[in-house]
Amino acid sequence: MRAVICAGPPTSGKTTVLRHAARKLVERGRKLAYLKIDVQYCDEDETFAREFGIPARKVHSGDLCPDHCSVLVLGDAFAWAARESAEFLLVETAGLCLRCAPYIEGGLGIIVLEATSGMNLPRKIGAMLTLADLAVVTKIDLVSQAEKEVFRANLLDAAEIPVVETDALHGINLEPVVRRIEATPELVQPARLRGSPPMSVCTICAGKKEIGWEHHFGIVRALDSDLFYRGQ
Amino acid sequence: MEIREISLIGGCGKTGEREPVARLDMRMGDVVSVVGPTGSGKTMLINDIALFADANTPSRRRVLVNGAPPPAIFQEDPSHNPIALITQHTTFLSDLPVREFLRIHAKIRRAARRESVVEETLAFANELTGEPIIEHAAMTELSGGQTRALLVADAVVIGNSPIILLDEIENAGIDRLRALELLKRYRKIFIFVTHDLRITLLSDYRVVLLRGAMQAVVPRGEEERRVAGRIGLLDSIMVGMRDRLRAGERVVERDLLGELRQALEAPSAEAVR
């Protein structure tokens, strides 16, 4: 079983990229499973199951940070995909704050970014980009030649990883992504997270609404302080 | 890699039958028009070229460069792609100032004369626009016409793309004939998707499309050169009248009749531009 973890900002085209990839993989006789992790709503699991006839599941992270949730549930998900005799588990994460890197050692980490999100986006994302194996740039048909090039240059400046420009909506230039997925090695258990990104379950995530660090516990900070631990 | 020629190997039309033109060779320096009614597959044709189609698009066409399948790097890195496609939807999203943006692009392209290519790009764009581009304005503040002019200028000068695909430049709000005249100074392959009579007649040949298939490749004839001149005169009459309206003046029937008479009487050699 091989694990492919796909991250990226909301609406960047993660689902569209994975759908085209899934179609091509299924056509080649590959056995897939699909897991979608989102905050409160998603129905991509039903779409993938219906369209490709593959086992598909979803997890709603609710009050948990979705990437924190992914760390907790992926172990079970690998076991599930193996029981379904899938060769590839495609995991699509929610990716909301752009700071987290949900990728795991030995799996394939794909970040999906839209060309229309501004040329400086690659500079604003941390580990989600720098720890990925492959960057897929979508909506390339909507931007000028110059911006395509500047976007790529900024991306390569932030992370030296392969970049594939696509028009995922029309299924254009996704072949290199599929080839990369097929080249993913077997997952070695126990799987480990690739980096230690700033993901935490905090009192704010858990619903405490008071403003000011004095009201919260765990790793906190004041305006003029570094991070410190507050609690028992 | 020096590009001498790109070829489109015919596939099939929308109804699935083989297209009548089995192969279209376009050589460096050619100006090509793609013509046909709305929905006939003009945009699909230039998309096929832009994608280096390899029997993997609905038309099943294939693109060859210098007679062979194109190298993978063309599609792997936009700055190595020899084709610039400017569609009706292509736009700038950056809010950087114009000059700074162009400088960044020139830097990425490792242009040897970084400042002078930026100057050349701005001068080129300004020749096409009604009102000159303000260099310190944000890219996103440019008008539709200015944006189009700068897209073309950037692709031609900084991008230095040897093959330029332009989708309906006549609707871009820029001076289309001035654009064609300026573009012809650069040795490239220009492919225009167009509904415009004059652009078509100023091209070396036209590819005629119907129901998604290339029906014929028609070279411009000698007589058409003369006709193009006469149509040019008619066109200037129309432009003149439009300019009068734009200046708040009125159009006068007597003036129009006089100009039409002059156009009719002009010897054909004079009419040729």
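This is a predicted model: local features need pLDDT of at least 70, side-chain atom pairs count only at pLDDT 80 or more; totals for chains, interfaces and linings use all residues.
S196(A) sits in the loop that runs between α7 (175–182) and β8 (218–220) of chain A. Along the sequence, S196(A) is 69 residues away from A127(A), yet in space the C-alpha atoms of the two are 8.9 Å apart.

Elsewhere in chain A, a pair of helices packs together. Two packed helices are described by the angle between their axes and the distance between the axes. For helix α1 (residues 14–27) and helix α2 (residues 44–52) of chain A, the axes come within 11 Å and cross at roughly 25°. With angles under 35 degrees counting as roughly parallel, α1(A) and α2(A) are therefore roughly parallel to each other. The crossing of α1(A) past α2(A) is right-handed. On the α1(A) side, T15(A), A22(A), R23(A) and V26(A) make the contact, and they meet E44(A), F48(A) and F52(A) of α2(A). Sorted by class, this contact between α1(A) and α2(A) holds four nonpolar residues, two charged ones and one polar one.

Then there is the partner chain. Between chains A and B, 17 residues of chain A are in contact with 18 residues of chain B. Helix α6 (residues 145–158) of chain A supplies the largest share of the chain A side, with eight residues.

Methods:
Residues are numbered from 1 along each chain as its sequence is written. Chains are lettered from A and ligands numbered from 1 in the order in which they are written. Two residues are in contact if their C-beta atoms, placed from the backbone, lie within 7 Å. Helices (H or I, at least four residues) and strands (E, at least two) are DSSP runs, numbered from the N terminus. Axes are lines fitted to C-alpha atoms, for helices over the stretch in contact, and angles run from 0 to 180 degrees between N-to-C directions. Angles under 35 degrees count as roughly parallel, over 145 as roughly antiparallel, 65 to 115 as roughly perpendicular and the rest as oblique. A crossing is left-handed if the near helix is turned anticlockwise from the far one by less than a right angle, and right-handed if clockwise. Ala, Val, Leu, Ile, Met, Phe, Trp, Tyr, Cys and Pro count as nonpolar, Asp, Glu, Lys and Arg as charged, and the others, Gly among them, as polar.
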